[in-house]
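Have it open beside you as you read.

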Amino acid sequence: MSKLGKEVLIGIIPAVLAFLLYMGVNLLPVLLVGVVGFSLYFVSRNRTGGVGVTASSGRKSRSGRTPSYLTFEDIGGQERAKGELKEALDFLIHYEDIQKFGIRPLKGILLTGPPGTGKTLMAKAAAHYTNSVFVSAAGSEFVEMYVGVGASRIRDLFKEAQSRAAKENKQSAIIFIDEIDVIGGKREGGQQREYDQTLNQLLTEMDGIHTTDTPRILIIAATNRKEMLDSALLRPGRFDRHIQVDLPDKKGRLHVLQIHAKNKPIDDEVSLDRVAAESFGFSGAQLESVMNEAAIYAMRDGDSRIRQPHFSQAIDKVMMGEKTDREATMEERRRVALHELGHAIVAEEVKPRSVSMVSLSPRGQALGYVRHNPQQDQYLYTKSEIEHQIMIALGGSVAEEMFYGGRSTGSRNDFEQALNLVGTMVDSGLTGLGIVDRRMVTKEELMKANADIMGGLIDRTRELLERFRTVFEMSLDILIREEVLNGDQFRALMQSIKDKEKTSA
Ligand code: ATP
C-alpha cells in the first residue's frame, strides 16, 4: 500500500467508526475482524528477519548482490573511505577505553558521495565489523502528510534498534539513515514544520545517546548533497565524522568488477583491466550492472562464457541505455551520421587514436554515438584540454551546419556539456575574466566571456572539419549501409586525406 494511501486510511477509519457508533451500530464484530486482520498483516510484515545483519522489514531493497551479511571485503575500491570508517568504528568496539578516558561517544558518521558508490554497503559492513544489529530507513520514509508522524517514526527506529539488540543479544546497534538530506535539510523557519519536527526528534534521540548505554547506538547517515544539511546536524557530538565515498578510480573499478565476477563464468580471454579502463566515471552500482548485462548478452548469444564483446555491449548499454528499435527516416539517419562523424573527426584530431567506433544504431535517447578508446583516468585538465573537449562536443552541430546550413535539436546535450565545460573554465580562472568568483561578475560579462569562447571554438572546429570534408562523404555510405564504422577503418580514411595533403604541399 502506498504511504499516501496508508495516511488517508489512518484518517478515514476512526471517522467511519465514530459515525457508525453515532448511528448506534454494534461495532464489536467489526473491531474483532479488524484486530485479526491487522495482526495477520503485522506478522507477515515481520517474517522477513534474517541472520546477522539485516535491513529492517519493509524497507528499501536493492538489486545486486545482497548477502545475508556483508563485510568490508565485499566492497570494491574505497580503500581510504573503508580505512576511515573502520577507524571510527573502533570507537564502538573499544568502548571501555573510551569510557576510561572520558571520551564522548561517537554518535554519528556521515557518508557523502555520488549515488551508487557503496554507502549502503559500507553501513552494512560496519554492522558486521562491530557485531551490531543493523536497522535502516530512508529519509523519504519519514515524509508524511501528518505532522508528528515522521518524528514518531524516528522514535520507533531507535526503539527497534534497542529491542532487536536485546533480542539478538548484541551490545551495539547501527541505525542507517539513507537520504538524510530529505529530513535534515537546512531549516529556514516557518515552513516545513513536519520536517523540522522529524529532524528535532532525530537530534533529541542523538543527544540521548551515552557511552554507558546498552546497546551502544551509532547512526550512519548517507547523502549525495552534504551542502544541503542543517548545521545542527553537523555540529560536534552529532554527525561530526564525515567520510567521502567517491567514484572509484581504475584500480577501484577493477576491484568492484572482480567482486561481481565471482559468481559468473568469465572467458579466460577477457581482460577485466580493459573493462575497468573503459568504464571511467562509472559508480560501483553501474559496474555491477555492466557485469550483469554482460552475462545477459552472453546468455542471449547462447555462449557458455562471457566474452569481451559482451562487456563492450554492456558498457554501451549502461552508458547510453538499451538499443531501441526506433525507426529513424533516411534523412534523419543521414543527419545523425554526419553529426556523429563531426564528433569523431574532431576527437581523432585532438586525441589521436581515441575513436574506437562510430555507430548509427539508436540507444537510449541517442540515435547514434561515438565510442572512445579507454583513456588514462584524469583528474586535472589544462585549458587546451578543456577547449578540445568543447570542440569535440561542438563537432556534431558544426558538421550539421556544414552540410545542412543549420542545426537540429540533436545538439542539445552537446551544448549542455560544452556550457558546463565553459563554466569550469570560468571557475578555474582559465578565461579572459581572470581569476574570479562568478558572483563578482555581471550576467553580461559572463555572457560575453561565454560567447567569445564558444565563438572562437566553433570557428576552430569548423576549420578542422572542413579539412576532412571528404572523410564525411566517404564514411557516410559505410555508416548508412553497415550502421557501424570501426576505429581503424575510420582512421584509414582520415590518414588518406592527410597523405594527400602532404603530397600536394
Ligand atoms: P545511493 O546514494 O543511491 O543510496 P549507495 O552509495 O548507497 O547509493 P549502494 O546501495 O551501497 O550505493 O550500492 C548499490 C549497489 O551497487 C550495491 O548493491 C552493489 O551491488 C553495487 N556497488 C556499489 N558500490 C560498490 C562497491 N564499492 N563494491 C561492490 N559493489 C558495489
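1. Before the helix pairs, one convention: axes are lines fitted to C-alpha atoms, for helices over the stretch in contact, and angles run from 0 to 180 degrees between N-to-C directions. Keep in mind, too, that this is a predicted model.

2. With that in hand, take helix 15 and helix 18 (residues 469–482). Their axes are 12 Å apart and the packing angle is about 85 degrees. Angles of 65 to 115 degrees count as roughly perpendicular, so helix 15 is roughly perpendicular to helix 18. Ala 399, Met 402 and Phe 403 of helix 15 make the contact with Arg 469, Phe 472 and Glu 473 of helix 18. Sorted by class, this contact of helix 15 with helix 18 has 4 nonpolar and 2 charged residues, and no polar ones.

3. Now the overall picture. I get 19 helices and 8 strands for the protein chain. The chain has 505 residues, and 43% of them are buried. Its accessible surface comes to about 26900 Å², with 55% of that belonging to carbon and sulfur atoms. As for contacts with a separation of 6 or more, 77% of them are between residues 24 or more positions apart.

4. Helix 15 has another partner to look at. The axes of helix 14 (residues 330–350) and helix 15 (residues 383–404) come within 7 Å and cross at roughly 140 degrees. That makes the two helices oblique to each other, since the roughly antiparallel label is kept for angles over 145. Helix 14 passes helix 15 in a right-handed crossing. On the helix 14 side the contact includes Leu 338, His 339, Gly 342, His 343 and Val 346, and on the helix 15 side Met 391, Ile 392, Gly 395, Gly 396 and Ser 397 are among the residues involved. By class, the contact of helix 14 with helix 15 has 10 nonpolar, 7 polar and 4 charged residues.

5. Which residues does Ser 397 touch, leaving aside those up to four places away in sequence? They are His 339, Arg 407, Ser 411 and Phe 415. Ser 397 lies in helix 15, and with a relative accessible area of 2% it is buried. The cut-off for buried is under 20%. Ser 397 and His 343 are also worth a look as a pair: they are 54 residues apart in sequence, with their C-alpha atoms 8.7 Å apart in space.

6. Next, helix 12 (residues 284–300) and helix 13 (residues 308–320). Their axes come within 8 Å and cross at roughly 130 degrees, so helix 12 and helix 13 are oblique to each other. Helix 12 passes helix 13 in a right-handed crossing. Helix 12 contributes Gln 286, Ser 289, Val 290, Met 291, Glu 293, Ala 294, Tyr 297 and Ala 298 to the contact, while helix 13 contributes His 310, Phe 311, Gln 313, Ala 314, Ile 315, Lys 317 and Val 318. The class breakdown for helix 12 with helix 13 is 9 nonpolar, 4 polar and 2 charged residues.

7. Is Arg 80 buried, partly exposed or exposed? Its relative accessible area is 44%, so Arg 80 is partly exposed; the exposed label needs over 50%. Arg 80 sits in helix 3 (residues 79–93). Not counting residues up to four places away in sequence, Arg 80 touches Gln 244 and Asp 246. Arg 80 and Asp 246 are 166 residues apart along the chain, yet their C-alpha atoms are separated by 9.8 Å.

8. Finally, two backbone spots to check. Asn 169 has phi near 60 degrees, a positive value in a residue other than glycine. Its place is the loop between helix 6 (149–167) and strand 3 (172–178), and at 65% relative accessibility Asn 169 counts as exposed. Glu 179 has a positive phi as well, near 50 degrees, and is likewise a residue other than glycine. You'll find Glu 179 in the loop between strand 3 and helix 7 (181–184). At 28% relative accessibility, Glu 179 counts as partly exposed.

Terms used: Residues are numbered from 1 along each chain as its sequence is written. This is a predicted model: local features need pLDDT of at least 70, side-chain atom pairs count only at pLDDT 80 or more; totals for chains, interfaces and linings use all residues. Side-chain values use heavy atoms; hydrogens and water are left out. Helices (H or I, at least four residues) and strands (E, at least two) are DSSP runs, numbered from the N terminus. Angles under 35 degrees count as roughly parallel, over 145 as roughly antiparallel, 65 to 115 as roughly perpendicular and the rest as oblique. A crossing is left-handed if the near helix is turned anticlockwise from the far one by less than a right angle, and right-handed if clockwise. Contact means heavy atoms within 4.5 Å. Ala, Val, Leu, Ile, Met, Phe, Trp, Tyr, Cys and Pro count as nonpolar, Asp, Glu, Lys and Arg as charged, and the others, Gly among them, as polar. Buried means under 20% relative accessible area, exposed over 50%, partly exposed in between (1.4 Å probe, protein chains only). Accessible areas come from the Shrake-Rupley method with a 1.4 Å probe; for residues, only the protein chains shown count as cover.
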